[in-house]
Amino acid sequence: QVQLQESGGGLVQDGGSLRLSCAAPGRRFSGYVLGWFRQAPGKEREFVATINWSYGGTYYADSVKGRFTISRDNAKNTVNLQMDSLKPEDTAVYYCAAKYQPAFHTVIDSEKQYNYWGQGTQVTVSS
């Protein structure tokens, strides 16, 4: 069982920035694919970004491309989501997800393929 913990959410103004982090205490992310998803009120959860920890490949939803950056911190064993130029429509609960996939260089944008999920962290962007 992998327990994921998100942090870094909060309230920010339109155009501002936030940095989310995802950690798994007691575990290393080597061999995992990590993803960030979000769910706004009244909407289904949607894909945001993903990274293959071992090979470094990344992929983004079109809605965040050029504004968000997913990265890994080997020293801290965290996956981070730097969110810049935030918009009110980015308001949502953001979830970190993980899947152990050591043999493949691929990334994953489908939430159905992830095995482990965090509890989520709220991001609110005011206009």
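Buried means under 20% relative accessible area, exposed over 50%, and partly exposed in between, with a 1.4 Å probe and protein chains only. This is a predicted model: local features need pLDDT of at least 70 and side-chain atom pairs count only at pLDDT 80 or more, while totals for chains, interfaces and linings use all residues. Residues are numbered from 1 along each chain as its sequence is written, and side-chain values use heavy atoms, with hydrogens and water left out.

**Whole chain**

Show the cartoon. The protein has 11 strands and 0 helices. Both are DSSP runs numbered from the N terminus: helices are H or I of at least four residues, strands E of at least two. The radius of gyration is 14 Å, close to the 14 Å from the globule rule for 127 residues, so the protein is as compact as a globular protein of that length. That radius is taken over C-alpha atoms, and the rule is 2.2 Å times the number of residues to the power 0.38. Of the 127 residues, 44% count as buried.

**Core**

Select Trp36, Val79, Leu81, Met83 and Tyr94. They have the most contacts inside the largest nonpolar core, which has 37 residues. Strands that each supply at least two of its residues include strand 4 (32-39), strand 8 (78-83) and strand 9 (92-100). Such a core is a set of buried Ala, Val, Leu, Ile, Met, Phe, Trp, Tyr and Cys residues joined through side-chain atoms within 4.5 Å.

**Rings**

Next, the aromatics. The structure holds 8 aromatic pairs. Rings of Phe, Tyr and Trp (its six-membered ring) pair if their centres lie within 6.5 Å; planes under 30 degrees apart are stacked, over 60 edge-to-face, the rest tilted.

Select Phe29 and Tyr32. Their ring centres are 6.3 Å apart and their planes at 70 degrees, so the pair is edge-to-face. Phe29 and Tyr32 are both buried.

Move to Phe37 and Tyr114. This pair is edge-to-face, with 5.5 Å centre to centre and 80 degrees between the planes. It links distant parts of the chain: Phe37 is in strand 4, Tyr114 in the loop between strand 9 and strand 10 (116-117), 77 residues apart. Phe37 counts as buried at 1% relative accessibility, and Tyr114 is buried at 5%.

Now select Arg45. Its charged end sits over the ring of Tyr95, 5.0 Å from the centre. Arg45 also lies over the face of Trp117, at 3.8 Å from the ring centre. The test is NZ of Lys or CZ of Arg within 6 Å of the ring centre and within 35 degrees of the ring normal.

Which strand holds Asn52? Asn52 lies in strand 5, and at 2% relative accessibility it counts as buried. Its side chain reaches the backbone nitrogen of Ser54 at 3.2 Å. The backbone oxygen of Thr106 lies 2.8 Å from a polar atom of that side chain. A polar contact is a pair of N or O atoms within 3.5 Å; within protein, one must be able to donate a hydrogen and the other to accept it, and residues adjacent in sequence count only if both atoms are side-chain atoms.

Finish at Thr91, in the loop between strand 8 and strand 9. Thr91 is buried, at 19% relative accessible area. Its side chain reaches the backbone oxygen of Pro88 at 2.9 Å and the backbone nitrogen of Val125 at 2.9 Å.
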